[in-house]
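Subject: Structure handover

Hello,

I am passing this structure on to you. Please look at it first; my notes on what was found follow below.

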Amino acid sequence: MNLKDLIKEVGGEYAQLASEIKEEEVYVDTGSHILNALVSGSIFGGVSENKITALVGESGCGKTFYALAVVKNFLENNPDGYCLYFDTESAITKSLLLSKGIDLSRVVVLNVVTIEEFRTKALKAVDMYLKSEESERKPCMFVLDSLGMLSTNKEISDTLAEKDTRDMTKAQLIKGAFRMLTLKLGQSNIPMIVTNHVYDSMSMYSPKEISGGSGLRYSASTIVYLSKSKEKEGSDVVGVIIRAKTYKSRLSKENQEVETRLFYDERGLDKYYGLPQLAAEAGIWNYAAGRYEVEGKKIYEKEILKNPEKYFTEEVMNKIDEYAKEKFSYGA
């Protein structure tokens with residue numbers, strides 16, 4: 001039997017021999033080198049181009065700002081690309097996008113209320129994308145912010161009818177929506193960022209649970225837990241230090257944790273924060289008494305991060321990347 005004839009007859013458009021599968025993973029830069037390493041195993045990587053990445057955490061921990069940082073980098077790296085932003089909280093405003101340096105002409109904000117509405121609009125958008133000529137497809141990404149705020153048609157109708165019955169359909173609807181979307185996004189090479197809330201559970205093994213049931217846990221390739229502390233300049237709070245930990249990852253080791261810095265002003269996500277520590281861990285720089293020894297000079301971290309291009313040369317970055325692959329990637 002000729003396998004290529006079998007593929008043509010049975011497999012459809014997306015069937016292929018295993019030997020023909022593209023091995024190279026394509027990434028979308030998150031805007032932070034250390035976060036790239038956490039989710040992909042390389043400081044030059046990022047979130048996957050054709051998979052779902054979930055950012056989860058308590059309210060106010062920076063999930064939306066992380067998502068917007070990825071959107072900004074995606075649009076900058078793809079001048080003809082665009083983003084569909086599914087907003088469930090009416091949190092996305094023109095001024096917020098402008099403050100993050102995002103091109104407003106290439107972001108479509110879709111307000112969605114229910115899981116069914118999100119599912120229908122997202123699937124329609126993917127189908128339109130796949131039906132267009134491949135040469136005419138522009139790079140695209142989806143963001144759902146946030147999953148936990150989506151209601152259901154049943155919940156709304158029960159509320160209007162003043163019924164107090166609990167909606168038992170939500171978890172199944174979420175699971176079904178992502179079951180349909182996951183393969184479609186992979187076929188179309190559309191990355192998707194999903195933000196979601198966590199809640200306290202009674203389990204001693206998992207004190208924090210992701211809201212909405214198991215649908216997102218199964219469908220997301222990467223799930224990153226976020227938590228935060230304040231970043232101050234003098235007595236002024238100028239941003240937050242966000243700790244990111246991989247709860248699930250198919251591209252890097254799980255249960256790894258890094259710290260990133262997010263400024264409230266136009267500086268946004270600090271691209272180089274966390275790299276001095278990684279350079280010291282790798283033995284590229286020595287660290288003693290609160291300073292790093294770089295080319296024979298002892299320098300405070302604050303000074304390095306003020307002028308990162310001076311210290312993070314191409315040679316240093318490549319050495320850090322080699323160490324990051326050992327630290328964050330699965331072994332051969």
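**Aromatic residues**

Tyr 292 counts as buried, at 3% relative accessibility. Please keep in mind that this is a predicted model. The rings of Tyr 292 and Tyr 287 have centres 4.7 Å apart and planes at 50 degrees, so the pair is classed as tilted. Both tyrosines belong to one aromatic cluster, together with Tyr 272, Trp 285 and Phe 312.

The structure holds 8 aromatic pairs. One of them joins Phe 118 and Phe 178, a tilted pair with 6.3 Å from centre to centre and 45 degrees between the planes. Phe 118 lies in helix α5 (residues 115-131) and Phe 178 in helix α7 (residues 170-188), so this pair ties together parts that are 60 residues apart in sequence. Phe 118 is buried, with a relative accessible area of 1%, and Phe 178 is buried with a value of 1%.

Charged side chains also lie over rings. Arg 291 lies over the face of Tyr 300, at 5.5 Å from the ring centre. The charged end of Lys 327 sits over the ring of Phe 328, 5.5 Å from its centre.

**Salt bridges**

The count comes to 12 salt bridges. In one of them, the side chains of Asp 29 and Lys 271 meet at 2.9 Å, N to O. Asp 29 lies in the loop between β1 (27-28) and α2, and Lys 271 in the loop between β11 (257-263) and α9 (275-281), so the bridge ties together parts that are 242 residues apart in sequence. Asp 29 is buried, with a relative accessible area of 17%, whereas Lys 271 is partly exposed at 26%.

Helix α12 (residues 314-328) contains both Lys 325 and Glu 322, which are 3 residues apart, about one turn of the helix. These two form a salt bridge, with the closest N and O atoms 3.8 Å apart. Lys 325 is partly exposed at 38% relative accessibility, and Glu 322 is partly exposed at 46%.

Salt bridges that share partners also join Glu 231, Arg 261 and Asp 270 into one network. Within it, the closest N and O atoms of Asp 270 and Arg 261 are 2.7 Å apart. Asp 270 and Arg 261 are both buried.

**Helix α2**

How many residues of helix α2 (residues 33-40) are buried? The helix is mostly covered, with 8 of its 8 residues buried. Among them are His 33, Asn 36 and Ser 40. Just after α2, Gly 41 takes a positive phi of about 90 degrees.

Regards

Conventions
Residues numbered from 1 in each chain as written. Predicted model: local features only at pLDDT ≥ 70, side-chain atom pairs only at ≥ 80, totals over all residues. Heavy atoms only, no water. Buried < 20%, exposed > 50% of the residue type's maximum accessible area, 1.4 Å probe, protein only. Helix = DSSP H or I, 4+ residues; strand = E, 2+ residues; numbered from the N terminus. Salt bridge = Lys/Arg side-chain N within 4 Å of Asp/Glu carboxyl O. Phe/Tyr/Trp six-rings, centres within 6.5 Å; stacked < 30°, edge-to-face > 60°. Lys NZ or Arg CZ within 6 Å of the ring centre and 35° of its normal.
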